[in-house]
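Q: I'm new to this one. Can you walk me through it?

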Amino acid sequence: MLRVGVLVSGGGTNLQAIIDAIDSGIITNTEIEIVISNNPNAYALTRAQNHGIENICISPKTFENREQFNEALINKLDEKKLDLIVLAGCMVVLPAALIAKYRNRIINIHPALIPSFCGKGYYGLHVHEEVLKRGVKITGATVHFVDEGTDTGPIIAQKAVEVKWGDTPEVLQKRVMEEAEWKIMPYAINLIANNKIEVIDGKVKINQ
Ligand code: GRF
């Protein structure tokens with residue numbers, strides 16, 4: 001069983017897609033051990049609760065300094081003996097010590113086709129605003145391993161989504177989620193759970 005911890009900050013639709021994919025057998029050999037949010041009001045926590053998954057808030061705001069927050073987060077993740085940490089709409093900058101400790105065991109979903117529309121400042125609706133500003137015809141989503149950079153880690157899965165005339169950032173965000181994010185995140189987790197992934201020279205080889 002792949003022991004997964006999911007870090008969230010908001011609505012948790014990607015978390016829901018993972019829960020549903022485990023329930024329906026799209027993802028096998030996987031158990032979500034814990035859901036952690038930095039935001040006490042994240043609906044993602046309620047989604048976890050509704051499915052009987054352990055869920056807690058660890059917020060930087062409740063610690064005296066960043067070091068104490070980092071330590072609490074790492075301790076909690078270590079305690080759950082996780083094989084994989086999934087960032088599903090997680091808006092927290094991860095401690096460098098966590099990234100080093102869980103090398104190629106942390107994945108993130110980004111709502112664009114990396115290396116386009118990614119890096120510092122490209123998060124949430126900003127990504128879709130920039131996509132529309134540039135007038136590209138294709139966007140999409142990317143699941144990648146997390147390294148020390150912003151959206152720079154090895155790419156596991158990508159899916160393209162059409163940009164349509166008249167799209168607003170909100171409309172495009174919804175299409176990217178429905179057509180790409182909620183599909184490639186479960187796909188990537190299932191590959192990892194079934195040992196189908198190797199990282200070679202910073203690139204991901206999928207062994208089917
Ligand atoms: C998604 O668009 C994801 O790509 C981005 O944050 C959003 C999270 O949405 N990193 P949700 O909380 O999973 O609904």
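What follows is a short chat about the ligand, the backbone and a few residues.

Q: What kind of model is this, and how are residues numbered?
A: This is a predicted model: local features need pLDDT of at least 70, side-chain atom pairs count only at pLDDT 80 or more, and totals for chains, interfaces and linings use all residues. Residues are numbered from 1 along each chain as its sequence is written, and side-chain values use heavy atoms, leaving out hydrogens and water.

Q: Where does the ligand sit?
A: The ligand sits in the largest pocket. A pocket here is an open set of points on a 1 Å grid over the protein atoms alone, where a 1.4 Å probe fits, with protein on both sides within 12 Å along at least five of seven lines. Sitting in a pocket means that more than half of the molecule's atoms lie within 2 Å of its grid points.

Q: Which elements give two or more residues to the shell around the ligand?
A: Helix 1 and helix 6 do. Helices are DSSP runs of H or I with at least four residues, strands are runs of E with at least two, and both are numbered from the N terminus.

Q: Which residues surround the ligand?
A: Gly10, Gly11, Gly12, Thr13, Asn14, Gly89, Ile109, Pro111, Met177 and Glu181.

Q: How do the shell residues divide into nonpolar, polar and charged?
A: The shell has 3 nonpolar, 6 polar and 1 charged. Ala, Val, Leu, Ile, Met, Phe, Trp, Tyr, Cys and Pro count as nonpolar, Asp, Glu, Lys and Arg as charged, and the others, Gly among them, as polar.

Q: How much of the ligand does the protein bury?
A: The protein buries 87% of the 370 Å² that the ligand exposes when taken alone. Those areas come from the Shrake-Rupley method with a 1.4 Å probe; for residues, only the protein chains shown count as cover.

Q: New topic: the backbone. Where is there a cis peptide bond?
A: Between Ile114 and Pro115, with omega about 15°. Pro115 is in the loop between strand 5 (106–110) and helix 5 (125–134).

Q: Why point that out?
A: Because most peptide bonds are trans, and most residues other than glycine have a negative phi.

Q: Which residue has a positive phi of about 55° although it is not a glycine?
A: Asn29 does. Its place is in the loop between helix 1 (13–24) and strand 2 (30–37). Asn195 also has a positive phi, near 55°, and lies in the loop between helix 6 (169–193) and strand 8 (197–200).

Q: Is Asn195 buried or exposed?
A: Asn195 is exposed, because its relative accessible area is 69%. Asn29 is partly exposed, at 38%. Buried means under 20% relative accessible area, exposed over 50%, and partly exposed in between (1.4 Å probe, protein chains only).

Q: Back to Ile114. What lies 3.1 Å from its backbone nitrogen?
A: A polar atom of the side chain of Thr142. Thr142 lies in strand 6 (residues 138–145). Thr142 is buried, with a relative accessible area of 0%.

Q: Which side chain joins that of Thr142 in a polar contact of 2.9 Å?
A: The side chain of Gln158.

Q: And helix 3: is Glu67 buried or exposed?
A: Glu67, in helix 3, is exposed, with a relative accessible area of 56%. Lys76 is also found in helix 3 (residues 66–79), and at 18% it counts as buried.

Q: One last one: where is His110 found?
A: His110 is in strand 5. His110 is buried, at 3% relative accessible area. Its C-alpha atom is 11 Å from that of Thr152, 42 residues apart along the chain.

Methods:
A residue is near a molecule or strand if one of its heavy atoms lies within 4 Å of it. On a 1 Å grid over the protein atoms alone, a cavity is a set of points where a 1.4 Å probe fits but cannot get out, and a pocket is an open set with protein on both sides within 12 Å along at least five of seven lines; lining residues have an atom within 4 Å of a point. A polar contact is a pair of N or O atoms within 3.5 Å; within protein, one must be able to donate a hydrogen and the other to accept it, and residues adjacent in sequence count only if both atoms are side-chain atoms.
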